[in-house]
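Please examine the sequence and the structure shown below. A briefing on selected side chains, charge pairs and overall architecture follows.

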Amino acid sequence: EFRFTEEEIKWVDKVKVNMSKCTKSMIRPALYKAMVDAWRGLIDHKEMMTIIAAGRPAQAYMHILIMANLPYFCDLSSRAQRYLMKSNGSVCLELMTATFFFAHNAKTILEQEKTCGLVTNFTAYILNEAPYAVNMPASTYNSFYK
């Protein structure tokens with residue numbers, strides 16, 4: 001049987017809190033608006049993807065913050081840190097994308113955010129800025145990457 005130690009559980013909790021802070025502060029409201037507007041038919045898919053791509057620098061910074069706060073990362077040499085960041089940055093993006101699209105069985109975007117494990121401000125955005133999108137369907141990989 002596989003079990004985490006108390007110390008490992010504390011690190012996992014710390015990483016989750018850190019990731020939550022990063023996603024809440026780095027994912028721009030423009031992304032949420034673009035997703036809602038695309039769902040409503042106000043913008044086309046290409047326009048939505050252009051808005052998402054504009055957030056790449058913030059996304060890269062978010063992954064750097066997450067990696068920099070991993071257990072024992074600060075104990076590595078700066079050269080080792082740079083190497084790990086450079087060689088694993090794209091993996092972070094792929095893992096977060098996979099989590100968003102596949103780590104749930106939700107029917108709505110609000111359920112998707114709640115169950116996939118990535119904590120963002122999307123629910124708050126919908127409830128405060130776009131209440132008409134409460135029943136917006138969950139995003140799927142195929143609908144995003146046509």
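Leaving aside neighbours within four places in sequence, E113 is in contact (heavy atoms within 4.5 Å) with L118, V119, T120, N121, F122 and T123. This is a predicted model, in which local features need pLDDT of at least 70 and side-chain atom pairs count only at pLDDT 80 or more, whereas totals for chains, interfaces and linings use all residues. Residues are numbered from 1 along each chain as its sequence is written, and side-chain values use heavy atoms, with hydrogens and water left out.

- E113 is placed in helix 6, residues 109-116; helices (H or I, at least four residues) and strands (E, at least two) are DSSP runs, numbered from the N terminus.
- E113 is buried yet has no salt bridge. Buried means under 20% relative accessible area, exposed over 50%, and partly exposed in between, with a 1.4 Å probe and protein chains only.
- A salt bridge requires a side-chain nitrogen of Lys or Arg within 4 Å of a carboxyl oxygen of Asp or Glu. For E113, the nearest side chain of opposite charge is K24, 7.7 Å away; Lys and Arg count as positive and Asp and Glu as negative, while His and the chain ends are not counted.
- A polar atom of the E113 side chain lies 3.4 Å from the backbone nitrogen of F122.

- T120 is found in the loop between helix 6 and helix 7 (122-129).
- With a relative accessibility of 17%, T120 counts as buried.
- The side chain of T120 also places a polar atom 3.2 Å from the backbone nitrogen of F122.
- Not counting residues up to four places away in sequence, T120 touches T23, K24, I27, Y32 and E113.
- T120 and L31 are 89 residues apart along the chain, and their C-alpha atoms are separated by 11 Å.

**Salt bridges**

- The salt bridges number 2 by the rule given above.
- One of them joins the side chains of R3 and E1, at 2.5 Å from N to O. R3 is exposed, with a relative accessible area of 63%, and E1 is exposed at 84%.
- A salt bridge also links D37 with K33, whose closest N and O atoms are 2.6 Å apart. D37 and K33 are separated by about one helical turn, because they stand 4 residues apart in helix 2 (residues 29-40).

**Overall architecture**

- The protein contains 8 helices and 0 strands, which gives the pattern α-α-α-α-α-α-α-α along the sequence.
- The C-alpha trace spans about 50 × 35 × 25 Å along its principal axes.
- Of the 146 residues of the protein, 31% count as buried.
- Among contacts between residues at least 6 apart in sequence, 66% join residues at least 24 apart.

**Surface and charge**

- The protein exposes about 9,700 Å², of which carbon and sulfur atoms supply 60%; accessible areas come from the Shrake-Rupley method with a 1.4 Å probe, and for residues only the protein chains shown count as cover.
- The mean positions of the 17 positive and 13 negative charges are 5 Å apart, the place of a charge being NZ of Lys, CZ of Arg, CG of Asp or CD of Glu.

Notes. A polar contact is a pair of N or O atoms within 3.5 Å; within protein, one must be able to donate a hydrogen and the other to accept it, and residues adjacent in sequence count only if both atoms are side-chain atoms.
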